[in-house]
Amino acid sequence: MTSKPTALGVDVGGTNLRVAEIDGAGRIRSRHAERVTRGREAFLARLVDIVAARRGPDVGAIGVGMPGRIDAAAGLILSAGYLDLGGLPLAGLLGTASHLPVVVDNDCTMALIAECAVGAARGAANVVMFTIGTGIGGAIAQNGRPVHGRATAGQLGHITVRPGGELCNCGRRGCVETTSSGTALGRHIRQAGLASDTRVDDLFAAADAGNTVAEAVLSAWAAPMRDAATSMAAAFDPDVVLFGGGLGAAMVRALKRLPAEDSWYRYDIRAAELGDDAGVIGAGLCALGRIEDAASAPPALIPIL
Ligand SMILES: [Zn+2]
């Protein structure tokens, strides 16, 4: 290997799978996207094929971001949203097939790694990120490292903001996912009597023109999100609270419309910058970080026989 190592970053979504070769500066050297192959055996076989086809001579590691609950330390998928991959030891299987180190983590954690390195949270060491799409994902960085807890910390869509509220997929009521996701925005729109094809940009335009119904819908969507973000600020004191996903920028815009709140907590809110590239960039940088960690491990950890 003559040049600095790169990594393959893989971002597995509910529909699409993206792969890119990422260098140490977080730049994309090449990219590929296709529909996710369904079924455990077929998914793994296709991923092995893609990696074999896409790995250039500099590739020294692989990072994979997955939806759902991931045990990153074990490289194990606990559950993967709509994909039936629960229990799959992906890092071990892909590592054996490719003879490369493989890291697997939650897709939102990978996006956060990218945003901290080369995106909207550049230079920030303590960041809380919410991704607003059909549901709400989350990730936390503390002192520049993702927080995993025992395994699955960062399920920020399930912070309770409205006790006794709408029933959530997780089995509880009033989670922020039930008030402030894209799905919830659609419900607020219908409940306000607006046309079901009303888009969030239509709401901003109407609210700017003085329409109180549109303003109320935006407030019903964003106010519980602020409660969740402020709870995270109370717990983690972040430099930045970042909003990504398809509706991240709209959420920041809606949050900034809310009347100011008098509380102890002050935090910077920003929209994520890297869009659909965040997942592959973060997965690649996470994999490169693993190589560096392995290279810089203290010699004392090597058993002396
Ligand atoms: Zn929930």
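Student: Which residues is Leu185 in contact with, leaving aside its neighbours within four places in sequence?
Tutor: Those are Val200, Leu203, Val217 and Trp221; contact means heavy atoms within 4.5 Å. This is a predicted model, where local features need pLDDT of at least 70, side-chain atom pairs count only at pLDDT 80 or more, and totals for chains, interfaces and linings use all residues. Residues are numbered from 1 along each chain as its sequence is written, and side-chain values use heavy atoms, with hydrogens and water left out.

Student: Is Leu185 buried or exposed?
Tutor: Leu185 has a relative accessible area of 5%, so it counts as buried. Buried means under 20% relative accessible area, exposed over 50%, and partly exposed in between, using a 1.4 Å probe and protein chains only.

Student: And where does Leu185 lie?
Tutor: Leu185 is in helix 5, residues 182-191. Helices (H or I, at least four residues) and strands (E, at least two) are DSSP runs, numbered from the N terminus.

Student: Switching to the metal, what are the protein donors of the zinc ion?
Tutor: They are His158 (ND1), Cys168 (SG), Cys170 (SG) and Cys175 (SG), lying 2.0 to 2.3 Å from the zinc ion. Donors are N, O and S atoms within 2.8 Å of the metal (3.2 Å for Na, K and Ca); water is not among the atoms, so sites may look incomplete. Along the chain, the donors follow the spacing H-x9-C-x1-C-x4-C.

Student: Why is the arrangement called tetrahedral?
Tutor: Because the four donor atoms subtend angles of 102 to 122° around the zinc ion. Four donors count as tetrahedral if all angles lie between 85 and 135 degrees.

Student: How accessible are Cys170 and Cys175?
Tutor: Cys170 is partly exposed, at 37% relative accessibility, while Cys175 is buried, with a relative accessible area of 0%.

Student: OK, Glu177 now. What does Glu177 touch, not counting residues up to four places away in sequence?
Tutor: Among them are two of the zinc donors, His158 and Cys168, and Glu177 also touches Gly135, Ile136, Gly157, Asn169 and Ala184.

Notes. Tetrahedral: all angles 85-135°; square planar, octahedral: opposite > 155°, others 65-115°.
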